[in-house]
Amino acid sequence: MKNKEHTRQVRDTVVKKFKAGFGYKKISQALNIPRSTVQAIILKWKEYQTTANLPRPGRPSKLSAHTRRRQGDAAKRPMITLDELQRSTAEVGDSVHRTTISRILHKSGLYGRVARKPFLKDIHKKCRLKFATSHLGDTPNMWKKVLWSDETKIELFGNNAKRYVWRKSNTAEHTIPTVKHGGGSIMVWACFSSAGTGKMVKIDGKMDGAKYRTILEENLMESAKDLRLGRRFVFQQDNDPKHKAKSTMEWFKNKHIQVLEWPSQSPDLNPIENLWKELKTAVHKCSPSNLTELELFCKEEWEKMSVSRCAKLLETYPKRLTAVIAAKGGATKY
């Protein structure tokens, strides 16, 4: 009781000296208490006009102030998981449940959201909007003439699950780092049209312009022929530097192949992304035990893709364009 009375007297003395014009440093020296304590007392008095202990708003936090500051890692490293944050708090002596950490993050305005790929700058949105508006009136026959292509990484184990990030509401999505080469996965190139799937090729080593042109030389025209696209088909590819290299564009010109003008950062406009997702799910169910089996299952499942599924993706293509226009060039659900 005496300690409480002494504390109250010290607080009152601090305020009296402050009112008398003393500074934090002189008050600290006069009363032999830390300057930070003097500052805390004065700030509390300024805000609440009292130095008494105020009622606490509910149960005190299990996390120390130091640990709560460490939760800022979620803002600096948005792809950090709750498990990693939990281990981080345990390292400084705070053992708390995942839901407690999640609640702290929510109070800071951070929420778990599916990471979208990629981040769109204003120039990207402008080009996407231009593409969507210019092609919205194209006939269904036009899209039937397009041969869509892309490359993707397929993992030996796992199903390329969704990645989540911590971000505040109404802020741009974080980009997912793309790792294109490494153990336990293969890279493949493939193409398709509304008439079905074309060739699929495993990419050995690092892809460059020369290797890309070899893939086109050995598989593009044959795929177009198998799918009966005729001589006047349109080829789609993204704006990867090796795709847009001068030598590659010269190759298209010599082959009299029309290349669809494509807006950068637009995987949601390429319906092959939907087939990639379905392919990875199907291959995962096959449980390949090595990379040889992984390649075999990829090609088998790619050939199994139904013509009706491919056709449906192109029949509904105008909906993608409408979605981009509605989003003013921004990302869509596709």
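The exercises below work through aromatic ring pairs in a predicted model.

Local features here need pLDDT of at least 70 and side-chain atom pairs count only at pLDDT 80 or more, while totals for chains, interfaces and linings use all residues. Residues are numbered from 1 along each chain as its sequence is written, and side-chain values use heavy atoms, with hydrogens and water left out.

**Exercise 1.** Determine how many aromatic pairs there are, and classify the pair of Phe18 and Trp45.

Solution. Rings of Phe, Tyr and Trp (its six-membered ring) pair if their centres lie within 6.5 Å, and planes under 30 degrees apart count as stacked, over 60 as edge-to-face and the rest as tilted. This rule gives 10 aromatic pairs. For Phe18 and Trp45 the ring centres are 6.3 Å apart and the planes stand at 70 degrees, so the pair is edge-to-face. Because Phe18 belongs to helix α1 (residues 2–19) and Trp45 to helix α3 (residues 35–48), the pair ties together parts that are 27 residues apart in sequence.

**Exercise 2.** Decide whether Phe18 is buried, partly exposed or exposed, and do likewise for Trp45.

Solution. Buried means under 20% relative accessible area, exposed over 50%, and partly exposed in between (1.4 Å probe, protein chains only). Phe18, at 24% relative accessibility, is therefore partly exposed, whereas Trp45, at 17%, is buried.

**Exercise 3.** Classify the pair of Trp148 and Tyr317, and place its rings in a cluster.

Solution. The centres of these two rings are 5.2 Å apart and the planes are at 45 degrees, so the pair is tilted. Trp148 is buried at 0% relative accessibility, and Tyr317 is likewise buried at 0%. Ring pairs join Trp148 and Tyr317 with Phe131, Trp143 and Trp262 in a cluster.

Methods: Helices (H or I, at least four residues) and strands (E, at least two) are DSSP runs, numbered from the N terminus.
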